[in-house]
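The sequence and the structure are shown first, and the description follows.

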Amino acid sequence: MSIERAIARIDAYLTRTDAEFREADHPRAEDGRFGTKAGASKSPASAPPSGKVSSTKARVSAPVAKAIGSKPKSEATYHATSEAWKHAPQVIIDAIANIKPLKNAVLAPDSGAYYMPETHSISINKEPNPSDRHAVLVWQHEFGHAIDFNGKRPPASAACVTQLNADGKSVEKIKEVYLTAMNTKFGGNGDPDYRLNDGLMLSDFVCALTDSAAGYGHSKEYFSNTTTRLSEMFANYVALSSGKNGEDFRGLLHRIAPECCASFDAILDKKGKKWWQN
């Protein structure tokens, strides 16, 4: 799905002007890394290479296994990861395939969840069981950091300061779209559990974008510099784009922060096309 179409779907959904709008659980266009551009036909170049299986498992499992490198302490965590990415667009799978293999991915129930650039490792406090959306989102978020940093500071997203400043100027417009969205399926229609999952990632994205003027999530102290704000936005963008409603979340985020999200798309595209060094 093109970003233009995704944004149009969001506008129709939030304003309830399009009677034909359907819930976001629709088949993903597999003919492009982010979907087919509006009006474009399927390209032969996008077909699976000869001899390769185009199933979801084959599309996801090998790149994820390569990126993880060494197994986490929990075997269940390791084997659940490919299933956790089954809705992710191809551009994110390609980026996962091309980052340096993680040096470690540790299950530590008594700790928080975080990515460590210095060791290119992820620590998570809950297994990313596909039936647990919160656990999967946290895993995808931390993996977003791994894509962004790739074991080295600064992250690729740190180059998007101009875009952050441009998008962040429209605080009132951002609040309007965000608050409207949070009262729809994007915020779980007010469901507290959903607000702790996708809704939380959306709120944290907005919080980082507006320098804590809207949304909620990390503290204002945590968002004390633009690099941190951008890296959290990027990680949230990866996580929200990789869920069952990922295409529509991506359209919503482009509506809220068009300059930043266009730059995030470019980062993912570049990282997915070759072994990328920050």
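Valine 161 is placed in helix α6; helices (H or I, at least four residues) and strands (E, at least two) are DSSP runs, numbered from the N terminus. The model is a predicted one, in which local features need pLDDT of at least 70 and side-chain atom pairs count only at pLDDT 80 or more, while totals for chains, interfaces and linings use all residues. Residues are numbered from 1 along each chain as its sequence is written, and side-chain values use heavy atoms, with hydrogens and water left out.

With a relative accessible area of 30%, valine 161 is partly exposed. Here buried means under 20% relative accessible area, exposed over 50%, and partly exposed in between (1.4 Å probe, protein chains only). Apart from neighbours within four places in sequence, valine 161 is in contact with Thr226 and Leu230, where contact means heavy atoms within 4.5 Å. The C-alpha atom of valine 161 is separated by 8.6 Å from that of cysteine 260, although the two residues are 99 residues apart along the chain.

## Helices α6 and α12

The axes of α6 and α12 are 7 Å apart, and the two helices pack at an angle of about 150 degrees. Axes are lines fitted to C-alpha atoms, for helices over the stretch in contact, and angles run from 0 to 180 degrees between N-to-C directions. Helices α6 and α12 are therefore roughly antiparallel: angles under 35 degrees count as roughly parallel, over 145 as roughly antiparallel, 65 to 115 as roughly perpendicular and the rest as oblique.

On the α6 side the contact is made by Gln163, Leu164, Ala166 and Asp167, and on the α12 side by Pro258, Glu259, Cys260 and Ser263. By class, this contact of α6 with α12 has four nonpolar, two polar and two charged residues. In this classification, Ala, Val, Leu, Ile, Met, Phe, Trp, Tyr, Cys and Pro count as nonpolar, Asp, Glu, Lys and Arg as charged, and the others, Gly among them, as polar.

## Helices α5 and α10

The axes of α5 and α10 come within 7 Å and cross at roughly 130 degrees, which makes α5 oblique to α10. The crossing of α5 past α10 is right-handed; a crossing is left-handed if the near helix is turned anticlockwise from the far one by less than a right angle, and right-handed if clockwise.

Residues of α5 that meet α10 include Arg133, Leu137, His141 and Phe149, and among their counterparts in α10 are Glu232, Phe234, Val238 and Leu240. By class, the contact of α5 with α10 has eight nonpolar, six polar and three charged residues.

## Aromatic pairs

Six aromatic pairs are found in a search of the whole structure. Rings of Phe, Tyr and Trp (its six-membered ring) pair if their centres lie within 6.5 Å; planes under 30 degrees apart count as stacked, over 60 as edge-to-face and the rest as tilted. Tryptophan 139 and phenylalanine 143 form an edge-to-face pair, with 5.4 Å centre to centre and 70 degrees between the planes. These two residues are four apart in helix α5 (residues 133-149), so about one helical turn separates them. Tryptophan 139 is buried at a relative accessible area of 1%, and phenylalanine 143 is buried at 0%.

Phenylalanine 234 and phenylalanine 264 also pair edge-to-face, at 5.4 Å centre to centre and 85 degrees between the planes. Phenylalanine 234 lies in helix α10 (residues 226-241) and phenylalanine 264 in helix α12 (residues 258-273), so this pair ties together parts that are 30 residues apart in sequence. Both phenylalanine 234 and phenylalanine 264 are buried. Ring pairs also link Trp85, Trp139 and Phe143 into a cluster.

## Backbone features in loops

The peptide bond from arginine 153 to proline 154 is cis, with omega near -5 degrees. Proline 154 is in the loop between α5 and α6 (161-168).

Histidine 120, which is not a glycine, has a positive phi of about 50 degrees. Histidine 120 is in the loop between β2 (114-116) and β3 (121-124), and counts as buried at 3% relative accessibility. Aspartate 211 likewise has a positive phi, near 55 degrees; this residue lies in the loop between α9 (198-209) and α10 and is partly exposed, with a relative accessible area of 30%.

## The chain as a whole

The protein chain has twelve helices and three strands. Of its 278 residues, 51% count as buried. Among contacts between residues at least 6 apart in sequence, 68% join residues at least 24 apart.
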